[in-house]
Amino acid sequence: MSVLPELRYPTVTEQVSAARALTVQRPGVCTLRQVGVSRAGRPLHLLSVGRARRAVLVVAGAHANEPTGSCTLLAVARRVLEQRELRDGVSWHFLLCADPDGASLHVTPAPRSLFDYHLGFFRPAGPEQPEWAPSLLPPDRLPPETRALTGVIDELRPYLQVTLHGTDLGGSWVQLTRDVPGLAEPFAKSAAELHIPVETGASDAAGWPASGPGVHVMPAPGIGPAYPSLPDDARHSTWYHAHRYGGLTAVVEVPMWASDLVDDPAPHPAPAAAIGLLARRLQRDALEVTRVLDHALPRLADVDDPLLRAARWGLELVPGLASDLLHTPPADLTRAYVGSVDAFARRVPLRAAAMLLRVLRGADDEAAKQLEGLVSSWSDAFAERFRARWVPLEHQVEHQSRTVVAAALHARERA
């Protein structure tokens, strides 16, 4: 893995300060207001540029472990201010961080390796994620972050919502809740210019039709998911909330480290057998983490920690996911898809181990050293297998920004 340059992702406080500076510079165009609070009482802020009724909503920070969106959101806001034509009949609105509590727990602002990244890793359990909570919880139990996000959508009725996501290692792809004709070409051009691979067989969009390489469109209702055991369903997430107003959502993913193994559309010679091996490795790795957890649980009886809840949530998904991989025909037969499943099957136990390690370290528990060895070796093996190369932060941000603007322009033509 290459040595990284100095880099740093902004904190939520720094995001708010930067947004406030824009309102001072352009008071007639920009406004900043609070639109809700988190479970811990942290404010959620919305930066608005322009006042036109036709609206684009850009959301950052839905997943704390995907920090590039915090930079991209501010970059897009500045671009919209600089390029007046982007504001022609359209207002832009930026939810600075959908999960400020999660952002406070993911503490790797300048990772120099996948191991560094995982030492500060946090990603909430599914029911605690603002975008996914509606697919897992009844309406009366939704977290305040979710209610704030859907409230903004109800107010703005955006023709397009863009939510900024990312992956630790892999390629770039887009998920659309409805097709945006014309988006695939600028997306692919941007990725090629910035040397970012396109994840043509993304496991997150397994079984979805593609309108172009790496641009995946949610399948029609009635088509079952590729992984039936997973409890979350994109069709019940906040991504679909804009549909009640005739809008759609684009999810723009960009990698921190790139791998060309997820950008190979050639047929895999034996996809089912390869995925079977990955499923069995997933089971073995998860079992190693579960053994450490079971051994430590009596000493953690009084711990109520979002890191521990998230680690347990991830491990509880493994039996069903492994069964899906073993007994469901592959959703895609390409090398790219098998590579994406390989990465997915590594992430689940590695992330659980990383979060459990933080819990054990905080408790000064004897099992921490054993788990640190797993997190270190698995991180290194992940990077080596996928020949990981760092994507310069400015390239991550530029590619995501270009894709946001292209989606807004092409969706506006059909709004």
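Where does Arg 123 lie? In this predicted model, Arg 123 is found in the loop that runs between helix H4 (114-119) and helix H5 (144-156). The residue counts as buried because its relative accessible area is 19%, and the cut-off is under 20%. Two polar contacts involve the side chain of Arg 123. One is made with the side chain of Glu 66, at 2.9 Å. Another is made with the side chain of His 63, at 3.2 Å. Leaving aside residues up to four places away in sequence, Arg 123 touches His 63, Asn 65, Glu 66, Gln 129, Ala 310, Arg 351 and Met 355.

Aromatic pairs were examined next. The count comes to seven. Among them, Trp 132 and Trp 239 form a tilted pair, with 5.1 Å centre to centre and 55° between the planes. Trp 132 belongs to the loop between H4 and H5, and Trp 239 to the loop between strand S8 (215-217) and strand S9 (248-258), so the pair ties together parts that are 107 residues apart in sequence. Both Trp 132 and Trp 239 are buried. Phe 382 and Phe 386 form an edge-to-face pair, with 5.4 Å centre to centre and 80° between the planes. Both of these Phe residues are buried. Tyr 117, Phe 121, Trp 257 and Trp 390 are linked by ring pairs into a cluster.

Charged side chains also meet aromatic rings. The charged end of Arg 385 sits over the ring of Phe 386, 5.8 Å from its centre. Arg 54 lies over the face of Tyr 159, at 5.5 Å from the ring centre.

Key. Residues numbered from 1 in each chain as written. Predicted model: local features only at pLDDT ≥ 70, side-chain atom pairs only at ≥ 80, totals over all residues. Heavy atoms only, no water. Helix = DSSP H or I, 4+ residues; strand = E, 2+ residues; numbered from the N terminus. Buried < 20%, exposed > 50% of the residue type's maximum accessible area, 1.4 Å probe, protein only. Polar contact = N/O pair within 3.5 Å; in protein donor to acceptor, adjacent residues only side chain to side chain. Contact = heavy atoms within 4.5 Å. Phe/Tyr/Trp six-rings, centres within 6.5 Å; stacked < 30°, edge-to-face > 60°. Lys NZ or Arg CZ within 6 Å of the ring centre and 35° of its normal.
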